[in-house]
Amino acid sequence: MVQNIIDVRNLSKSFDISSKEPGLKGTIKHFFKRQTKSLKVIKDINFEIKEGEIVGFLGANGAGKTTILKMLCGLIYPSEGSILVSGYLPFRRKENFLKNITLIMGQKQQLIWDLPPIESFYLNASIYDLDKFEAKKRIKKLSEMLEIDEELFIPVRKLSLGQRMKSELLAALIHEPNILFLDEPTLGLDINAQSNLRKFLQKYNKENNATICLTSHYMKDITSLCKRVICVHEGAISYDGKLDLLLKKLSPVKEILIICRSEEDAIKLGNSGFTVKNKIKNEITIKIENNSITSSLKTILNNFDIEDLFINEPPIDEVIGKVLIKKDYDI
Amino acid sequence: MNLRKYLKVYKKFLHTSLASELEYKTNILVDLITAILSLVGSIFLLSIFFQNNGYIGGWKFEQALIIQAIYTILNGITNTWFNPNLTEIVKHIREGTLDFVILKPIDSQFFISLKKINPSGFLEIMLGFFLLLFCIKINQINLSLSFLSLSLITISCSICILYSLWFFISTTTIWFVKTWNAIEVLRSFLYIGRFPLNSFSLSLRVFFSIFIPIAFITTIPSEVFLGLSQLWEILLEVIVASVFFITSRKFWLFALKFYSSASS
């Protein structure tokens, strides 16, 4: 049986936030007397993650995804509740715990700006107590997986965003951690760079049985990497389960565009009991529930003269977008 | 603490920061010229003060020059290590890159205090030492083992006090986010350390001994050089340095509990 590597119980986090009224009067008032209030950004959440799982955290901006990730890796202290990651309390930041995890943030960088990435890799290797031979071996292996070579010897400031992100990944993985926390790792990357990064993460997960917690606003990252998603809405978990179940729940029908041989056939099809979305001449778009697609298509092909048909999946971004604004999903 | 690992990491820090700085040759050259001009300017200013009156606060010009030498060494240390690292703390906290530091299996205070060096500060340290050697000669100071040990202890304590004060102020960034001004105030106070403590009024002497211990930073090591120091003063400096260092350390560990990281 696969063991839980992350165990979160009744976790809450509050921040003191100061607010300011607009205008000069508000500014002066704010300078002398700050109005602060405690804001609960994470509200009593519970979940477990198994070893080797890739879990995507979904939610709108400010929903609390990054705060959860930061508490899981031990950057910030929880206000209430408990977290166990690989048997450790993350916020104690024990050396063995830190050697087992990594945090990669798409919008922050740790590489030394004026030097080639290779210098940062060797610096990190010494921090993780790796000898030169071992460091060299790991850099070679990871750079092959990431398909970077010459870039390792060019100053970071001269690298493209994609090359920089690959180097950031290498710097963050040189100690071969088993738990990866990724906060929008593909932010700002072009389509090819995003795709390469996803392939690399899949490979790393497979080869190292690594657990990956990922937040991303690019749905392709989530759909191609995560079987399980945790949806966060205003600091609470609105859904925790399989991604395909969520998609079925959110999008129970598919749209079928049918091109009939004649307009008469299209009219006949429109009157045969299907939900019609629209009809233009001999082209008709109908909606069919996911669970009856096969039988419905069989009926249509047997009874009508069809020239062609297309099954349209609703855009994933549109479907997931519904998650970001809804409080609860019971599946 | 694994000393071998820390030495290895420090060697890497030296290598990477030197390599980074050497990318910008002109900048280093300008820094070197600034260090020389700054020392010449300070000695000129000091000589003006002593022009009409041979003594200030009971100190001769030749004796006051020792304070200037110690100040130059300390300023060199400040420019080599404290300035590039401790001012970065504010940036790390404001931009949230402290995340990468505290998630490394290494002491975070060690990392952020020593990661960078500014090689041009070395020249200032060397100039300070040359000036000190010159002062030893003109003040006819006898070099003995006890004298060298006491000098080393007091100068080390001065470095420790200066570092702890600076680090303490930088740490408050975790709550106040922006503390550049406080660091500038500290630097301004350090300029005062170029003059003998006795040249100030009693109230200022008390202030610079208790609240901002400038007295401990330059005056006491200078007194050691002139054979004017009392044992209790040296002991007091050791105690003050230890208290300052331990407090700054505890304060850093305490402050990290309140670190909320910058939003992404």
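This note sets out numbered points on the two chains of the structure and on the contact between them.

1. **Basis.** The model is predicted; local features need pLDDT of at least 70, side-chain atom pairs count only at pLDDT 80 or more, and totals for chains, interfaces and linings use all residues. Residues are numbered from 1 along each chain as its sequence is written, while chains are lettered from A and ligands numbered from 1 in the order in which they are written. Helices (H or I, at least four residues) and strands (E, at least two) are DSSP runs, numbered from the N terminus.

2. **The contact between the chains.** Chain A contributes 28 residues and chain B 22 residues to the contact, two residues being in contact if their C-beta atoms, placed from the backbone, lie within 7 Å. On the side of chain A that touches chain B, at least two residues each come from helix H2 (65-72), helix H3 (95-98), strand S5 (101-105) and helix H4 (117-127) of chain A. H4(A) gives the most, with five residues. By residue class, that side of chain A divides into 14 nonpolar, five polar and nine charged. Here Ala, Val, Leu, Ile, Met, Phe, Trp, Tyr, Cys and Pro count as nonpolar, Asp, Glu, Lys and Arg as charged, and the others, Gly among them, as polar.

3. **The three-stranded sheet of chain A.** An open sheet with antiparallel pairing runs in the order S2-S1-S4 in chain A; strands pair if DSSP finds at least two bridges between them. Strand S2 (35-50) and strand S4 (80-85) of chain A are the edge strands, and each has a single partner strand, so one side of each lacks a neighbour in the sheet. From one strand to the next the twist averages 30°. Axes are lines fitted to C-alpha atoms, for helices over the stretch in contact, and angles run from 0 to 180 degrees between N-to-C directions. H2(A) packs on this sheet, where it touches S1, S2 and S4 of chain A, and its direction makes about 120° with that of S1(A). Five bridges join strand S1 (residues 4-19) of chain A to S4(A) in the antiparallel sense. A:Asp7 has A:Leu84 as its bridge partner in S4(A).

4. **The six-stranded sheet of chain A.** A further open sheet, with mixed pairing, has the order S5-S6-S7-S3-S8-S9 in chain A. Its edges are S5 and strand S9 (236-242) of chain A, each with a single partner strand, so one side of each is left without a neighbour in the sheet. With direction ignored, neighbouring strands are turned by 15° against each other on average. S5(A) pairs with strand S6 (residues 179-183) of chain A in the parallel sense over five bridges, and A:Leu103 stands opposite A:Phe181 in S6(A). H2(A) lies across strand S3 (54-58), S6, strand S7 (211-215) and strand S8 (228-233) of chain A, at about 150° to S7(A).

5. **The S8-S9 hairpin.** S8(A) and S9(A) pair in the antiparallel sense over six bridges, and the bridge partner of A:Arg228 in S9(A) is A:Lys242. The two strands form a hairpin with two residues between them. In the turn, A:Glu234 has a positive phi of about 45°.

6. **A:Pro155.** This residue is found in the loop between helix H5 (132-146) and helix H6 (161-173) of chain A. A:Pro155 is partly exposed, with 16 other C-beta atoms within 10 Å. A residue is buried if 20 or more other C-beta atoms lie within 10 Å of its own, exposed if 12 or fewer, and partly exposed in between, with C-beta atoms placed from the backbone. Not counting residues up to four places away in sequence, A:Pro155 touches A:Asp114, A:Leu115 and A:Pro116. A:Ile118 is 37 residues from A:Pro155 in sequence and 9.2 Å away in space, C-alpha to C-alpha.

7. **Chain B as a whole.** Chain B has 12 helices and two strands, in the sequence pattern α-α-β-β-α-α-α-α-α-α-α-α-α-α. Of its 264 residues, 38% count as buried. Among contacts in chain B between residues at least 6 apart in sequence, 80% join residues at least 24 apart.

8. **Helix H1 of chain B.** In H1(B), B:Val9, B:Thr16 and B:Ser17 are buried. They cover an arc of only 95° around the axis, which puts them on the same side of H1(B); the arc is that of the directions from the helix axis to the C-beta atoms. The face turned away from the buried side of H1(B) carries the exposed residues B:Leu3, B:Arg4, B:Leu7, B:Lys11 and B:Leu22. H4 of chain A is included in what covers the buried residues of H1(B).
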